Amino acid sequence: MRSRFFAPFFWTQALGAFNDNVFKNVLLLLVTFVAVPRLGWDAGLINNLAAALFILPYLLFSAWGGQLADYRDKRQLIIALKWLELATMTCAALAIWLDAYALLLGLLFMMGTQSALFGPVKYAILPQHVQRTELVQANAWVEMGTFLAILLGTLGAGILMALGGSHARVLIGATLVVVSLCGLGAALLVPPAPAQSRGQLKWQPFRGSWQVLSAAWRAPRIFRALIGISMFWFLGACYLTQLPLWTSHVVHGQAGAVTMLLAAFAVGVGLGSLVCARLSAGRLEVGLVPIGAFVLALAGLDFAVHPALGGSINTLADLVVMPRFWWMLLDLTLIGIGGGLYIIPLYTLVQMRSSDEHRARMIAANNILNALFMVLSAAFGAVMIGVLEVSLHTFFASLAVISLITALVCAVLQARPMMRISIFVLVHMWYRLRIRGIENIPDEGAAIVVCNHVSFMDALVMGGASPRPLRFLMDKPIYESPGLSWFFRMAGAIPVASERRDPKGMRRALDMVSKALQNGEVVMLFPEGRLTRTGHMNEFRRGIDLILKRDPVPVVPAALSGLWGSWSSRYDGLPFKGMPRRFRARVCLSFGAPVDSRTVTRESLQTSVGALKTSIDGYANNKPFRAPDTLTQDDDATGQAPR
């Protein structure tokens with residue numbers, strides 16, 4: 001938030017979201033409580049018209065906005081759109097003062113147009129201004145700021161309207177204009193973001209939308225992420241649309257109760273976004289997507305079964321002393337947290353996997369799908385509640401079932417990443433794990449990671465810490481252990497037996513390793529072939545030479561320290577003997593710079609791993625790190641510090 005590359009954009013986005021929601025909610029309240037009684041308008045027709053006027057620009061202008069963001073400097077585009085916002089809000093202030101309600105509906109279309117054009121640039125600019133390792137955190141802050149701005153805008157509109165009279169009109173108009181000016185000022189501080197591609201701008205509303213959707217369809221992984229994001233907006237729109245009805249029929253509360261329920265959801269999304277950033281640690285963690293969807297499903301199901309709170313009207317003072325009401329708030333907060341965990345990795349995946357030349361158009365495709373799914377959510381609510389006349393409890397239970405189905409689909413598609421992030425969390429709960437050099441694992445392409453072998457927990461620590469899924473070589477009898485083989489298969493482990501015991505099995509294992517590397521995967525090896533019995537490294541075996549001879553790929557040396565003497569090591573002879581003696585022990589994992597496989601030997605790899613381990617041994621004893629290339633005369637021949 002102190003970065004000149006991120007903070008101005010953050011405040012530009014947050015102030016815009018705040019202003020949008022002040023205007024939308026003021027318009028809703030004015031139309032419902034002033035224009036409808038005074039002018040005799042049909043409330044249902046006007047509310048549906050307002051929703052259509054806001055959604056329609058996303059279908060008409062998103063594709064064009066994607067072209068603008070790809071073909072023009074994004075800073076200049078943001079500034080131009082903030083000028084459009086200022087003009088729109090100035091006209092809105094005059095329309096509110098003059099009671100020009102028809103003009104306000106037209107300005108709602110203009111605001112939707114500004115939002116549709118701003119959407120593609122919002123997420124396309126981040127990869128140009130932040131490091132790849134900071135992208136998840138940047139998305140989390142943007143999402144948190146957006147939802148909190150939505151909440152504050154909704155609250156602000158209610159407070160301003162409650163003032164009544166001409167004072168309210170003046171303050172509403174002043175708020176819209178002043179916040180627009182502040183957003184414009186923040187936009188002027190956004191650093192330049194040059195165009196990523198060139199092309200001819202064409203506004204072709206329907207053909208352009210079809211083209212960007214077709215382009216997204218041709219990138220299956222991105223398209224699946226876009227559908228996943230749109231599913232979140234479908235569920236979110238269903239929750240937010242029906243919460244006022246839930247408040248009236250189940251909570252038996254008033255406007256203040258609606259605000260608290262909305263606040264719980266918005267705060268939950270913000271917290272979930274920050275938790276996602278914390279767990280991701282600068283990496284793209286798609287394994288959080290199914291976990292977030294499961295949280296959405298479980299919390300949503302619990303929310304759906306809440307009984308009605310009394311039979312009369314409950315004031316806010318009555319509700320705050322009811323444990324059941326706080327339980328509802330907790331459920332909505334958890335739903336929001338699940339949403340944050342679910343949506344941030346998907347946005348990040350679209351940003352990372354899209355090419356620089358077409359990133360904004362992929363975001364435009366996302367906006368089009370979001371708009372379609374939000375229309376679908378309105379139709380779903382109308383059919384379920386209006387036509388089928390199901391209860392609100394059944395409606396929200398159906399949303400939980402949809403969330404559960406989404407979670408199961410994501411779990412099938414992302415089984416290994418979900419397992420990896422789950423292991424990452426468990427490892428960090430069990431150990432005080434410090435990781436160094438994580439950036440040395442290549443973002444893409446095949447690689448081999450070699451590490452010393454201290455305990456049976458080594459593979460879990462390595463797999464949980466790596467930013468990419470690792471394929472492990474493991475002893476075949478352990479791989480075939482009853483009750484655990486399913487886990488090892490899901491993790492993508494490669495069983496290997498000794499060449500003397502099973503020559504064909506060794507060749508099959510080498511073929512599987514070769515296939516994994518040719519597919520661009522990362523393979524993890526413990527070249528010692530067995531656990532240490534002394535705390536020092538054993539000699540590296542020739543298997544690493546055979547693998548590199550067949551597939552010369554970059555090799556990343558790694559070292560673990562702090563697990564010798566643990567429950568899963570051979571410190572006392574047999575591992576897992578008795579009960580664990582240590583909890584939250586200090587463990588350090590260090591990755592060295594990749595080395596060229598054409599020049600490396602198993603002896604040089606053993607020296608590199610030993611040097612890395614020596615440099616981190618002090619962490620287990622709460623001592624400073626040593627430089628990995630400075631060994632003392634006390635170090636043994638394998639690069640291990642004696643214990």
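Helices (H or I, at least four residues) and strands (E, at least two) are DSSP runs, numbered from the N terminus. The legends below use these names for a predicted model, in which local features need pLDDT of at least 70 and side-chain atom pairs count only at pLDDT 80 or more, while totals for chains, interfaces and linings use all residues. Residues are numbered from 1 along each chain as its sequence is written, and side-chain values use heavy atoms, with hydrogens and water left out.

**View 1. Thr333 in helix H13.** Welcome to the first stop: Thr333 is found in helix H13, which covers residues 323-353.

**View 2. Gly270 in helix H10.** Gly270 lies in helix H10. With a relative accessible area of 2%, Gly270 is buried. Gly270 and Leu341 are 71 residues apart along the chain, and their C-alpha atoms are separated by 9.8 Å.

**View 3. The nonpolar cores.** A nonpolar core is a set of buried Ala, Val, Leu, Ile, Met, Phe, Trp, Tyr and Cys residues joined through side-chain atoms within 4.5 Å. Which members of the largest core touch the most other members? Among its 128 residues, they are Phe23, Leu104, Trp246, Val251, Phe303 and Tyr342. Leaving aside neighbours within four places in sequence, Tyr342 is in contact with Gly228, Met231, Phe232, Val289, Gly292, Ala293, Thr406 and Cys410. A second, separate core has 28 residues, including Val427, Cys451, Val461 and Leu560.

View 4. On a 1 Å grid over the protein atoms alone, a cavity is a set of points where a 1.4 Å probe fits but cannot get out, and a pocket is an open set with protein on both sides within 12 Å along at least five of seven lines; lining residues have an atom within 4 Å of a point. Grid points are joined across faces, edges and corners, and a volume is the space filled by probe spheres set on the points. How many cavities of 30 Å³ or more are there? The count comes to 1, and the largest cavity has a volume of about 30 Å³. The lining of the largest cavity consists of Met231, Leu235, Ala293, Leu296, Tyr342, Ser403 and Thr406. Helix H9 (220-251), helix H11 (288-304) and helix H15 (392-413) each supply at least two residues of this lining.

View 5. The 17 residues of H11 should span 24 Å at 1.5 Å a residue, and its end C-alpha atoms are 24 Å apart, which agrees; the expected span is 1.5 Å times one less than the number of residues. Among the buried residues of H11 are Leu288, Val289, Pro290, Gly292 and Phe303. The buried residues of H11 pack against H9, helix H10 (255-280), H13, H15 and H16.

**View 6. Two loop residues with positive phi.** Asp99 sits in the loop between helix H3 (74-98) and helix H4 (101-124). Phi of Asp99 is near 60 degrees, a positive value in a residue other than glycine. Asp99 is partly exposed, with a relative accessible area of 24%. His252 lies in the loop between H9 and H10, and its phi is near 55 degrees, again a positive value in a residue other than glycine. At 15% relative accessibility, His252 counts as buried.

View 7. Strand E3 (residues 470-475) pairs in the parallel sense with strand E5 (residues 522-525) over 3 bridges; two strands pair if DSSP finds at least two bridges between them. Phe472 has Met524 as its bridge partner in E5. E3 also pairs in the parallel sense with strand E4 (residues 494-496), over 3 bridges, where the bridge partner of Asp475 is Val496. The second largest pocket has a volume of about 1500 Å³. Of the 46 residues that line this pocket, His453, Leu473, Met474, Asp475 and Phe526 lie nearest its centre. Which element gives the most to the lining? E3 does, with 5 residues.

Terms used. Buried means under 20% relative accessible area, exposed over 50%, partly exposed in between (1.4 Å probe, protein chains only). Contact means heavy atoms within 4.5 Å.
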